[in-house]
Amino acid sequence: MPANRHSEPGRANYVRSTLAPGPTSDEVELVETANGTLAPLCDRSRKQGSAGAHFAASPPGLSFFGILTAMAEQQQQQFYLLLGNLMSPDNNIRKQSEEAYDTIVGQTKITFLLQAIRDASAAEEVKQMAAVLLRRLLSSSFEDIYPGLTLEMQTVIKTELLTSIQTETSPNIRKKVCDIAAELTRNLIDDDGNNQWPEVLKFLFDSVNSDSVSLRESALHIFWNFPGIFGNQQQHYMEVIKRMLVQCMQDQDNPHIRTLAARAAASFVLSNEGNTALLKHFSDLLPGILQAVNESCYQSDDSVLKSLVEIADTAPKYLRPNLEATLQLCLKLCADSNLTNMQRQLALEVIVTLSETAAAMLRKHTAIVAQSVPQMLAMMVDLEDDDEWAMADELEDDDFDSNAVAGESALDRIACGLGGKIILPMIKQHIMTMLQNPDWKYRHAGLMALSAIGEGCHQQMEAILQEIVSFVLLFCSDPHPRVRYAACNAIGQMATDFAPTFQKKFHDKVISALLQTMEDQSNPRVQAHAAAALINFTEDCPKSLLIPYLDSLVQHLHVIMVAKLQELIQKGTKLVLEQVVTSIASVADTAEEKFVPYYDLFMPSLKHIVENAVQKELRLLRGKTIECISLIGLAVGKEKFMPDASAVMQLLLKTQTDFNDLEDDDPQISYMISAWARMCKILGKEFQQYLPVVMGPLMKTASIKPEVALLDTQDMESISEDDGWEFVNLGDQQSFGIKTAGLEEKATACQMLVCYAKELKEGFVEYTEQVVKLMVPLLKFYFHDGVRVAAAESMPLLLECARVRGPEYLTQMWHFMCDALIKAIGTEPDSDVLSEIMHSFAKCIELMGDGCLNNEHFEELGGILKGKLEEHFKTRSSDMRQDEDYDEQVEESLQDEDENDVYILTKVSDILHSVFSSYKEKVLPWFEQLLQLIVQLICTSRPWADRQWGLCIFDDVVEHCSPASFKYAEYFLRPMLQSLCDTSPEVRQAAAYGVGVMAQYGGENYRPFCTEAIPLLVRVIQSADSRVKENVNATENCISAVGKVMRGGRAHVRLLCDLIESNNPIVLGPDNANLPKIFLIIADGVANESVKSEDACSKRLANVIRQVQMSGGLWTQCVSTLNETQQKAIQDLLNTA
């Protein structure tokens, strides 16, 4: 079921340190580009034909002051007016002004803007706007404009900027000019690290040593903005930089200088995060930074504290020498109620961030962590009484600035970061005490805390789950509605975190408690949350456990639905109905065909809602009801649903017809898209007729391009909150922003296209071309993992759809996607997505077969696979295990990483399998570049998973490339034979398969090794534990391998006789289950003459067959598995032996 099915009770996941509110329309232009490709802001210089004022380009060769003299007074005033209008609150005026500004040539813009900044008579807001625009111009269009200026003009700009900093009286304007100087310097560091503006370095040194406070401030501001200003001379100036920062941090007369110096020091540390020696050298600056954090917070300035959060996030090891002091300071600030909520939350954020970025380091300071836990819980108690709360029909989004939400999020993250072994003992007693507090806020916070820590404390809480659940269920009857709400929240979250154990152990108590809570008519918000918790419970509930409760569940849900429908008609309230409809869908989804008896109870009412709930405020209800109908249809199956199918399709089609009128954020869109895909699954080929109606809106949603923005620190400081924007700090004073609206809908739409291709196959062929053109570029859509996964999944499915058009069309489509797939394997940053891309690529090669890859493809693919294997051997595990903070939890996380790494190895194996099976021995010369790496995988010193997959790759070489494969036998034969007795069943399984394919496909060269393998295989088969669950696959492969070897020679036949005559239970199987396989081996042996009538073995085998003949049923069973040739061979053996 889709992620957007319900508002899940539970935690809010966000990272405060990297997200910031989005830009206002006044401050930045939101750039929309193809597939969300990043474009800089405010580079509008290429737009043509804009209306408004026009300015002539400056004549070449004139000096700056010459230009100013030449500039007409009227033109200058006109430009000032334009700058003023760019700040106008009137959108039309501002838009016209932007268009006019865009028509000015870049070089002329610089002239006008610098003139405005330097004009003492200009209004401050005009000068400020000019400074912002000039900095942006240098940031976004430097390469387009600056190199084209004359050398004289370039020199004038540099000089004027430095002069302006020294003479400007307004601190605000001076700061903005410093930002321009920093931006210009950033662009004047060449590829070799040379600073092409040496004068700015002299200015920096002179200013920092000046008696003028404003000049010292300016120097520090420039250095803070661009700490890489020294370029390749940084090492040379290291002591000077350090002395400069220390000197300013010790300026007792000027607190502002101390603050700026601390920020500059933090900025320098962050820009050198990977330079361990430098961080160590500058570690003695940290006490000064911490002092500045403390001082500035009490001056209502949290800028240094924010810098500390960034250090915790990006360079946590820098804090190690003073970690105790850092944590103590943050704890003190967090506990101080005189500070603002934001400051207290930021102080807590330092500790929480360290739990994520340097967990092992923080685990050495558990005493302070233990003190931070009550602070988080205290924040969670910071709630307001609200008499209207229980009756609210519109749910507002969580206020992420509130202490309660911040505390809950911090608890969730620190539990995940440090693990339950540390956190649960620290918090358990606090929670128990809170749950017994007479104040509802404490009980509420205690329950919400339990919800928050479930994921991070999973293992430890599972051991005491009985105790926890029994206690939580008591609060479903708490006198305060918000506590009952929190109890539902905890149940819903535990149902997700501990599934399916939670459902198996507590189904009777939990279902009963939730149904009882859902009857709380006087508190709709509690009712709705109980329904939401029921959704969580049923989603992961095994079907067999839910069936006994179906009657009771359905009866309760139906009664509530009917009552709430009446309320909707009479009062217009809808919150509970929205959740109940989804609860019904969830129950049906789990119950499947067992829901058939209840179908007629719900379907009329659900159709009624879709027909009549057309008002804007009912869009979510209507969307959820559409989802519910389609899920019920899928659950009960085509036969039951068909009488309603036509009416439901007409309802959907009517909504679809109005689709273009829906607003972009209409929640119905994603529900509709998912519902169509379910209808496709129900109707199968019959759905094809609806594609012309469905595909347009679906493609439109799948083609959504997110708005993105690149902002520097100055932009970030002046923007105010605008919903839907998230920002990630890129370092170097820049942030990347994306408007997330529509991303989930885009991912859902792409997944639905995959569904259509999978379900309709050749029936989808009309759309393959437009879909493949959409999907291939989306392999690089880095804003959403789900979109890239869907794009990868679609590739082999689209090829299958296109087959019906013939080989030429199919080949064209493959050529369109092949390059992009190979490149995506090389560049994909997320391991889960990477494995999907690799898997899809392998399926495509199997589908397209021999000749689908050209030499360039092979060369690129070989390099990528070689890189993946080399990366596999270079995992950071050994480094981390040598780290001074290495501990048990680090080892656990490293093992998780290793498992992830092995998963990518399985996909490398998939790709090689598809290449070998398609190209056979022709591909061996290409494979040789990987050979030594694969050999390394099967070394006895490697982990079992490496050996397993290394052997699997050699299995493929033997199976698909023999007899030519024998030239590599020296590398894998001995390890393969030794692996038959490996302690790992997976390794034995791979080795036994290898022996089987040697016997089947390898040819004469492999025969001696097959003979050598027989006693080893038999030893595995005869082992006492060969039939236990974990060993059974390896044993089956050994039996199969023995059979294949037997077909290859008389010596092996004698061994088979010995094993059968001794009634070996492993060979014969339980109740002689393996006898049909043995008959098959004997028949093949007679047919290929490895069993000859004159041999003694033939008589022994004939006697075995005669014994079986005497058991009529067993004889019939054995003979029925043989084809005509094999049956004749058995008869011949009986006649001649």
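Which helix holds both glutamate 769 and lysine 773, and how many residues apart are they? They sit four residues apart in helix α37 (residues 768-778), or about one turn of the helix. Keep in mind that this is a predicted model. Its salt bridges come to 37, and here's a quick look at a few of them.

- Glutamate 769 and lysine 773 pair up through their side chains in a salt bridge, at 3.2 Å from N to O.
- Glutamate 769 counts as partly exposed because its relative accessibility is 40%.
- Lysine 773 is partly exposed too, with a relative accessible area of 49%.

**Between helices α16 and α19**
- Arginine 413 makes a salt bridge to glutamate 349, and their closest N and O atoms are 2.8 Å apart.
- Arginine 413 belongs to helix α19 (residues 403-418) and glutamate 349 to helix α16 (residues 341-357), so this pair ties together parts that lie 64 residues apart in sequence.
- Arginine 413 also forms a salt bridge with glutamate 356, with 2.9 Å between the closest N and O atoms.
- That pair links distant parts of the chain as well, since glutamate 356 is in helix α16 and arginine 413 in helix α19, 57 residues apart.
- Put together, Glu349, Glu356 and Arg413 form a network of salt bridges.

- Arginine 413 has a relative accessibility of 8%, so it counts as buried, the cut-off being under 20%.
- Glutamate 349 is buried along with arginine 413.
- Glutamate 356, on the other hand, is partly exposed, with a relative accessible area of 39%.

Key:
Residues are numbered from 1 along each chain as its sequence is written. This is a predicted model: local features need pLDDT of at least 70, side-chain atom pairs count only at pLDDT 80 or more; totals for chains, interfaces and linings use all residues. Side-chain values use heavy atoms; hydrogens and water are left out. A salt bridge is a side-chain nitrogen of Lys or Arg within 4 Å of a carboxyl oxygen of Asp or Glu. Helices (H or I, at least four residues) and strands (E, at least two) are DSSP runs, numbered from the N terminus. Buried means under 20% relative accessible area, exposed over 50%, partly exposed in between (1.4 Å probe, protein chains only).
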